[in-house]
Amino acid sequence: MQSQLYLVSLLIISVAVLLFLIMKLKLHAFVSLLIVSMLTAIAAGMPIQSIMGTIQSGMGGTLGFISVVVGLGAMFGQMLEVSGGAERLARTLIKSFGKDRAAWALGLAGFIISIPVFFDVGFIILVPLVYSLSKETKKSLLHYGIPLLAGLAVTHAFVPPTPGPVAVAQLVGADLGKVILFGIIAGIPAMIIAGPVFGKFIGERIYADIPEYMSFDDSIVTKDDKDLPSFSLIITLILIPIVLILLNTSATVFLPEGNSLRNIVSFIGHPFSALTIATVLAFVTLGKHKGLSREEVSKVATAALAPTGLILLVTGAGGIFKQVLTDSNIGKMLAEGLASSSMNPIILAFLIATVVRVAAGSATVAMMTAGGIMAPLLPAFNVEPALVVIAIASGATVLSHVNDSGFWLVNRYFGISEKDTLKSWTVMETLIGIVGLISALILSIFIK
């Protein structure tokens, strides 16, 4: 049995090696996590004949759930993108809020759209609306762009079925319905403060105009409404899986085990069933609206799976790291040490994710690493796992800078300098993370 000091030191060294492989050697995150997991297992004294079994168990146990949710979510989001659903949602909200409050409408649009659609895709789809509003009102692109980015970033990090929170929920054993509920509760104030409020502030201080190298076609934002699906249809499709999953969580809390209604609700409200229902409905309704044949809908669904491969591999590697920490007793030893200290597990989760986020740049790697470390610790603490998911997501959001692809996406589309990107995008991301952390800490006072 290794000493507590040795195992804790080994964990710190393991994270340092992981960051070195990713940052300095530019080794892929999946391979880096796999190598570090193997070396950690050996250094922790695990029987060498059992290490590969641990790796297989960690990968399979994580992806058995994640792959289904991420795959269905990607297909659902792709149908929404191809059909013009995202544009319809944003346009209707802008029309309802009015041009004077368009920044609030874009924040809300981003908040809703990023639940089924990947962050960068949602931004690229809707940035023409930002260009159009800026051109019409002569205001900085940041006045409208920051609220949109904040809305997209918040739900991308906090609200399933986006891959990050789903993966961390699986790692720490959190109920997905609770993650959705707490993610929305924490996300709304984060979106407001980092979006419309901060957007107005920074938009008055940094003027950003449509970059000359970005082609802007007015027809993108003036095409006929009849070409887009209805607002009510899009909202209904997005809400179906969320409502079903929340009903499942509620049934588990309020109905006794073995109750027939609870069994039925648990079945249709399981993330697999809920997302399958929503995805099939999206295939039928949006495909019909767009005039797509069954073969064309199938091609859209297949194309949606291409970007999920990397996400699934890194997520699975995070599961391997977690399993090594569990089977090697590193997690147990660390938990015993922390249980006797005054360290709040929510703050600890936030700090671990923040360190990896700042160093490696990847929010996914930060979430997987923090989730893997926190998973074996939670049994020693009286804390709701769903709140730990929000804390990890918050830490993986803050302080985005030049090693994050999102930083350069904003830099290019808004045509601003690196200094101004730090003042706008980086501050926005940090505000989201801080508000998310504060929300999780407040919720932890009432929820155990």
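Predicted model: local features only at pLDDT ≥ 70, side-chain atom pairs only at ≥ 80, totals over all residues.
**Before you start.** Residues are numbered from 1 along each chain as its sequence is written. Local features need pLDDT of at least 70, side-chain atom pairs count only at pLDDT 80 or more, and totals for chains, interfaces and linings use all residues, while side-chain values use heavy atoms, with hydrogens and water left out.

**Stop 1: the whole protein.** Show the cartoon. The protein has 21 helices and zero strands. Helices (H or I, at least four residues) and strands (E, at least two) are DSSP runs, numbered from the N terminus. The C-alpha atoms fill a box of roughly 70 × 55 × 45 Å along the principal axes. The radius of gyration is 22 Å, which agrees with the value near 22 Å for a compact globule of 448 residues. That radius is taken over C-alpha atoms, and the globule rule is 2.2 Å times the number of residues to the power 0.38. Of the 448 residues, 57% count as buried (under 20% relative accessible area, with a 1.4 Å probe and protein chains only).

Stop 2: The structure holds six aromatic pairs. Rings of Phe, Tyr and Trp (its six-membered ring) pair if their centres lie within 6.5 Å; planes over 60 degrees apart count as edge-to-face. Select Phe 123 and Tyr 413. They form an edge-to-face pair, 5.4 Å centre to centre, with 80° between the planes. Phe 123 sits in helix α6 (residues 119-137) and Tyr 413 in helix α20 (residues 405-414), 290 residues apart. Both Phe 123 and Tyr 413 are buried.

Why does Phe 414 count as buried? Because its relative accessibility is 0%. Ring pairs link Phe 123, Tyr 413 and Phe 414 into a cluster.

**Stop 3: the largest cavity.** Select Val 70, Gly 73, Ala 74, Ile 115, Pro 116, Val 117, Phe 118, Pro 161, Thr 162 and Pro 163, which line the largest cavity. Its volume is about 60 Å³. A cavity is a set of points on a 1 Å grid where a 1.4 Å probe fits but cannot get out; lining residues have an atom within 4 Å of a point. Which helix gives the most to the lining? Helix α3 (residues 48-83), with three residues. The lining has eight nonpolar residues, two polar and no charged.

Note on methods:
Phe/Tyr/Trp six-rings, centres within 6.5 Å; stacked < 30°, edge-to-face > 60°. Buried < 20%, exposed > 50% of the residue type's maximum accessible area, 1.4 Å probe, protein only. 1 Å grid on protein atoms, 1.4 Å probe; cavity = no way out; pocket = protein on both sides within 12 Å on 5 of 7 lines; lining within 4 Å. Points joined across faces, edges and corners; volume = space filled by probe spheres on them. Nonpolar A, V, L, I, M, F, W, Y, C, P; charged D, E, K, R; others polar.
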